[in-house]
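Colleague: I would like to go through this model with you. Shall we start from the interfaces?

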Amino acid sequence: MDENLKIVGKRVIRSDSYAKVTGGALYTADLKLPGMLYAKVLRSPYPHAKILNIDVSKALKVPGVKAAISGFDAYGVKWGVFRYTQDHAMLPTDKVRYIGEDVAAVAAVDEESAIEALSLIKVEYEPLEAVFDPVEAMKDTAPQIHEQYKNNINIHIHIEVGDVDKAMAKAYIVREDTFKAKGEAYAMMEPYAVVASYANGYLDLWMPNAGPHVRAKALSNLLKLPLNRVRVRHINSGGAFGGRSEVAPGDLVASLLSIKSGRPVKLVLTREENAMCSRQVHDIIATVKTGMKKDGTIVAKEYKTIYDGGAYSSTGPIATSIPYYVYEECYRLPNVRYDGYRVFTNKGIRGMYGCHGRAFLAGNEAQMDLMAKELGLDPVEVRLKNGLTAGELTATKSKIISCGLKDTIIQAAEKSDFKKKWKKHTRNKGIGMGCVAIMCGFPMGFRSGSSCYVKINDDGQVTLITGMVDNGQGNESLAVQVASEVLGIPMDDINLVNADTEVTNLDPGSYSQAAAYVGANAVKAACEDARKKIIAIASKKLGVPEEEIDLKDRVAYSVKTPDKRMPISWITREAFFKGEPIVGTGSFFPDIDLEREWVSKPEGQMAGTYSFGTSVAEIEIDEETGKIKVPKFIAAHDCGRPINPMAVEGQMEGSVGQAGIATIFEGNMWYKGFLLNPDLLEYKVPLACDMPDIETIIVSSNDPKGPFGAKEGGLTIRMNAYSAIACAFTNATGMLFEELPLTPDNVLKLLEKNKGGKR
Amino acid sequence: MILPKFDYKKARTIEEALELYNKHDGNAFYLAGGTDLVPLIKLRLLQPKVIIDLKGIDGLKDIKKINNSLVVGPNITLFELKQNPFIKDYFPCLFESLEATSCKTLQMRGTIGGNILQNTRCLQYNKSLEWRTARGFCLKMGGKVCNVVPNSKSCFSNYCGDNAPSLMTIDAKAKLVSAKGERTVRLEKLFSEDGRSPFTIKPGEILKEIIIPLKKTKGAYEKLTVRGSIDYPLVGVAVTVKKDAAVVAVTGIGPSPHLYEIKEINEKSINEVADWAYEDARPVLNAVLTPLYRKKMVPVLIKRAFKRIGAGGGR
Amino acid sequence: MKTIKVMLNVNNEKVTLQVKPYETLLETLRERLSLTGAKESCSLGSCGACTVLVNGTPMRSCLILTPEVEGASITTIEGLKNGEKLHPLQQAFMEKGAVQCGFCTSGMILTAKALLDRNKKPEKRDIVKTMSSNICRCTGYKKIIEAVEETSKK
């Protein structure tokens with residue numbers, strides 16, 4: 001079947017785009033329910049303070065105010081992704097730990113009354129000493145942000161493979177460098193919003209989320225409600241990039257207000273609140289020590305990476321590990337010591353990011369280039385030499401199932417004329433290459449898999465029911481396209497019901513790069529189940545063996561004698577006559593080692609498969625102003641077989657902006673616990689005029705277990721585009737970057753240092 | 001983000017606008033394009049009782065050639081002004097600064113009057129009421145300290161207008177009108193050099209005309225930003241050359257543009273002005289790039305502008 | 001506070017509304033007229049997600065007081081279709097894959113429409129410059145620019 005694909009692999013119009021170009025697509029803030037109230041949140045003005053008292057009584061007296069709550073109205077449950085990280089009350093009652101933390105909230109008939117009521121809430125605080133720098137926070141003298149985490153160390157990941165010290169001692173060259181990066185802002189265009197509606201003992205919720213099922217579970221815990229009473233409903237999401245993965249304080253706030261008032265409640269954050277009080281990205285300090293043989297083979301890596309974790313655990317151990325894993329999944333690292341520390345500071349809550357880990361990854365890649373150059377190798381050679389291939393094991397014993405890394409390197413290099421340009425670059429012009437691998441799905445216990453139902457309706461049209469969620473990347477269309485392929489029915493005939501915990505089954509969500517590989521596989525399996533039933537009836541009716549029948553254009557027909565055919569709608573009706581309507585179920589569970597644990601057992605199969613990618617950037621530095629221009633960017637991606645190449649390209653191009661141009665533009669700026677650029681003016685999201693000429697290369701491979709051979713699409717570029725820019729900077733200047741972003745002031749400082757230095 | 005309560009009045013004549021202003025005890029703001037004003041009100045940096053819309057006033061939207069001057073109505077949008085053939089032909093510096101202002105969509109809404117009279121900016125000022133309350137009010141908000149330079153008694157907020165500096169280099173004047181009558185001042189006289197209240201314009205006064213002598217000039221505007229659109233200048237340099245002389249204006253650092261004259265353009269005099277402007281520039285950590293860097297860029301941009309104009313020999 | 005009577009022509013339909021003097025056009029469209037295609041993203045004029053056409057000119061509706069545009073013709077994304085027929089830009093945005101999360105889409109399409117109405121055959125440079133009025137976080141802009149270019153060639 002794979003050889004004669006009808007629609008998979010084609011550039012199809014995404015099924016969600018009609019609603020989006022006509023303004024009909026609804027997002028959370030667009031919802032209006034009868035009797036709906038508007039919520040506003042009172043936030044902490046202190047980075048660190050004891051809460052002595054919260055009094056909401058006066059707020060309740062404001063006309064139009066229907067409910068006012070604080071953490072004392074919650075159930076004393078703390079959220080954490082892991083049992084050992086449950087430290088986030090979402091509405092604290094003991095102390096506040098960052099400026100902007102949710103403290104109390106009101107719901108009123110309009111926003112004006114809610115704002116007025118907020119000013120009447122009395123909170124007594126006792127300010128405490130705060131700490132904002134993770135290195136300072138680890139010192140014995142630093143204020144403790146949580147009692148249970150000594151030296152504010154939230155998570156320590158220690159990975160030890162082989163004999164690092166011995167290998168380093170024997171290495172031909174060894175180099176150690178430290179790289180920093182400011183945390184970025186997700187800057188999704190949609191500010192966070194929640195609608196909560198509690199009625200008849202059931203709580204319905206709408207919010208941008210990257211996994212409705214995990215969100216509902218978290219809220220059922222926080223609200224001490226049985227899971228079936230918490231229903232996260234489908235809604236469009238205006239971008240996530242990792243920032244909508246976890247339960248948010250606003251979810252609890254809106255839920256409590258709705259439960260209290262008995263009315264639907266809408267909470268919409270301002271842009272500033274979205275930046276300060278929804279999730280942020282980790283600032284990182286990565287020390288990278290590498291030992292190489294004379295021929296450029298990496299023999300050992302030693303890492304110390306510090307993640308500024310903000311006030312609470314969030315995805316703690318995952319965030320502390322991922323940058324390392326995507327690197328070891330790309331390169332052969334025979335001896336490794338990785339120490340990752342996630343450290344609490346009195347800053348906003350942090351989470352995973354599509355581009356997470358740029359200091360670590362760009363640091364590794366740029367350092368490798370310098371070392372290779374010393375050995376007479378170019379970036380292409382050293383990457384090909386150390387890159388993993390299919391069948392090999394990563395350092396922590398994860399098998400690489402399919403691997404197009406080599407192809408992405410070669411194709412990106414050829415397309416960019418890399419070797420020549422790298423060698424013969426003129427002053428302050430450079431070209432650089434970054435590689436990475438991405439796990440498609442990772443261990444999430446029984447939630448690692450996805451299930452799907454499909455029913456064929458009486459006119460032969462289809463309803464597809466899956467937990468897969470779309471944050472804008474095109475997962476919904478992907479599911480429909482896969483179903484269309486299997487069932488031989490056009491995409492227009494397929495209705496999708498998805499990401500609604502009441503009707504859909506468990507799905508890992510879209511934040512572990514599992515949608516295409518895991519979710520779509522479940523869709524495929526369910527549709528294949530239905531397909532079998534359709535074919536069984538067709539076979540009887542047409543009098544041809546089942547193996548001879550294919551489905552295409554709404555018709556079941558014999559491949560050998562194509563005039564033996566009947567519409568699928570007839571077959572559907574036949575099934576109804578028999579009292580056996582056609583339904584299919586299917587599920588997919590990736591082949592991963594469920595014993596694997598992020599902290600206690602960082603070893604074993606991490607993911608069902610891995611995708612690979614290579615980015616190449618060309619840069620020009622203005623010597624006088626330090627401004628970097630990126631005229632050209634080439635991105636090559638092994639995404640298995642692309643289901644919709646146009647959508648994959650879109651992901652890659654978006655990554656060039658969000659990770660690539662971000663390398664020279666983006667970073668959160670702080671004054672103590674105050675975020676200085678929580679807006680879309682001073683936080684520099686690249687604009688159309690800032691983008692390079694982008695060429696995307698999809699290196700089609702065929703993953704044995706991916707749906708039609710597909711793997712994740714686009715994230716590799718999101719995690720190596722910065723490396724390409726950093727390496728191009730190294731090529732242009734002969735130096736390594738010290739801190740990202742490479743804004744003009746930062747670059748000029750480095751150039752001046754270079755002039756004054758030894759070179 | 002909703003706006004606080006205020007009343008809205010649309011004036012049909014200047015007299016009506018002045019009257020409305022007086023009726024509200026000065027707790028009123030004039031509205032033109034609103035691209036600077038509305039965000040300030042949304043952030044509760046201004047709390048007007050009434051907004052007086054000037055867009056209905058006839059005559060504030062004209063461009064006329066009167067004698068040897070171009071008389072520009074303040075309500076003309078940046079985009080419209082840019083299209084005027086005189087601008088491109090006579091004042092390339094202004095043409096470039098108009099072109100470099102924000103983005104196309106905002107150029108179509110923002111007016112030249114509003115652009116000149118835009119408030120000064122600071123990373124610790126243009127924030128929500130909640131943010132600023134948590135941080136503590138600074139000098140510009142009526143507080144006692146500067147939040148950027150702790151012991152300072154003056155405000156370092158930056159004037160980020162792109163076009164006032166260009167206009168200054170072409171000898172533009174502003175005609176202001178109030179109940180007491182009209183007065184005409186050189187554009188640079190509009191600036192108070194005090195970031196707390198950056199303009200010398202008196203309460204209720206309305207900018208009626210911008211008057212530019214119609215003499216052909218050469219010029220250039222150099223603007224430093226992170227992005228290629230939307231951003232305010234982190235440093236901006238306007239240069240206009242008239243025969244052997246030149247005028248240089250530096251914007252984006254501190255509460256008012258700085259103006260420099262060169263009597264006779266040559267490499268030495270350009271370097272001297274560049275050095276002088278460098279010394280004058282006192283940036284602080286209130287914009288997205290470091291102060292020292294912004295200071296260093298002042299002479300770089302001045303020299304670039306001259307080079308682009310092709311004056312003073314260049315490199 | 002007294003409300004103000006405002007007459008507008010929204011998507012070719014005359015409406016008379018009583019609005020608050022401090023109400024933005026974005027609020028009027030979204031809250032009073034349920035035209036939620038215009039989005040509130042930054043609310044301060046920095047992003048363009050709320051762009052609508054006022055008498056054919058693209059404007060940030062979050063920065064405009066509704067009373068300011070008394071008598072104006074407003075076009076929102078909901079008014080772009082001609083009956084069931086999509087505007088060529090809407091069609092091109094779909095076909096070129098210029099839509100991802102969709103939050104910036106209405107502002108992008110309306111900004112592009114105003115450009116093409118002004119200038120039927122803009123150069124790519126002009127397209128890039130004009131579209132640099134709006135922020136998109138998903139696409140990297142390539143397919144958005146291609147969609148506008150494609151439409152301008154038709």
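What follows is a set of questions and answers on interfaces, strands and loops.

Modeller: This is a predicted model: local features need pLDDT of at least 70, side-chain atom pairs count only at pLDDT 80 or more, and totals for chains, interfaces and linings use all residues. Residues are numbered from 1 along each chain as its sequence is written, chains are lettered from A and ligands numbered from 1 in the order in which they are written, and side-chain values use heavy atoms, with hydrogens and water left out.

Colleague: How much area is buried between chain A and chain C?

Modeller: Contact means heavy atoms within 4.5 Å. By that rule 53 residues of chain A are in contact with 45 residues of chain C. Buried area is the accessible area (1.4 Å probe) that two parts lose on being put together, summed over both. For chain A and chain C, with carbon and sulfur atoms giving 57%, the value is about 3800 Å².

Colleague: Which residues of chain A lose the most area to chain C?

Modeller: Three residues of chain A lead here, and together they make up 18% of what that side buries. They are A:Val21, A:Met189 and A:Ala688.

Colleague: How many residue pairs are in polar contact across the interface of chain A and chain C?

Modeller: Take salt bridges to begin with: a side-chain nitrogen of Lys or Arg within 4 Å of a carboxyl oxygen of Asp or Glu. Chain A and chain C have 7 of these, and one of the pairs is C:Glu31 with A:Lys32, closest N and O atoms 3.8 Å apart. A polar contact is a pair of N or O atoms within 3.5 Å; within protein, one must be able to donate a hydrogen and the other to accept it, and residues adjacent in sequence count only if both atoms are side-chain atoms. With both residues at pLDDT 80 or more, the number of pairs is 27.

Colleague: Which element gives the largest share of the side of chain A that touches chain C?

Modeller: Helices (H or I, at least four residues) and strands (E, at least two) are DSSP runs, numbered from the N terminus. Helix H1 (17–22), helix H17 (645–665) and strand E30 (693–698) of chain A each supply at least two residues to this side. The largest share, 7 residues, comes from H17(A).

Colleague: Now chain C and chain B. What area is buried between them?

Modeller: The contact involves 32 residues of chain C and 31 residues of chain B. Carbon and sulfur atoms give 62% of the buried area, which is about 2600 Å².

Colleague: Which residue of chain C meets B:Lys55 in a salt bridge?

Modeller: Chain C and chain B have 3 salt bridges. In one of them, N to O is 2.4 Å, and the side chain that meets B:Lys55 belongs to C:Glu68.

Colleague: Which element gives the most to the side of chain C that touches chain B?

Modeller: There are 11 residue pairs in polar contact between these chains, both residues at pLDDT 80 or more. Strand E4 (57–60), helix H3 (105–118) and helix H4 (124–131) of chain C each supply at least two residues. With 4 residues, the top contributor is E4(C).

Colleague: Is C:Asn55 buried or exposed?

Modeller: C:Asn55 sits in the loop between strand E3 (51–54) and E4 of chain C. Not counting residues up to four places away in sequence, it touches C:Ala72 and C:Ser73. Buried means under 20% relative accessible area, exposed over 50%, partly exposed in between (1.4 Å probe, protein chains only). At 54%, C:Asn55 is exposed.

Colleague: Which strand is joined to E18(A) by 11 bridges?

Modeller: Strand E18 (residues 429–439) of chain A has 10 of its 11 residues buried. Its bridges run to an antiparallel strand, where A:Tyr610 is the bridge partner of A:Met439. That strand, residues 610–621 of chain A, is E26.

Colleague: Which bond joins A:Leu740 and A:Pro741?

Modeller: A:Pro741 lies in the loop between strand E31 (739–740) and helix H20 (744–756) of chain A. Most residues other than glycine have a negative phi, and most peptide bonds are trans. Here omega is about 5 degrees, and the bond is a cis peptide bond.

Colleague: What is phi of B:Asn67?

Modeller: B:Asn67 is in the loop between strand E4 (63–66) and strand E5 (69–72) of chain B. B:Asn67 is exposed, with a relative accessible area of 67%. Its phi is positive in a residue other than glycine, near 50 degrees.

Methods. Two strands pair if DSSP finds at least two bridges between them.
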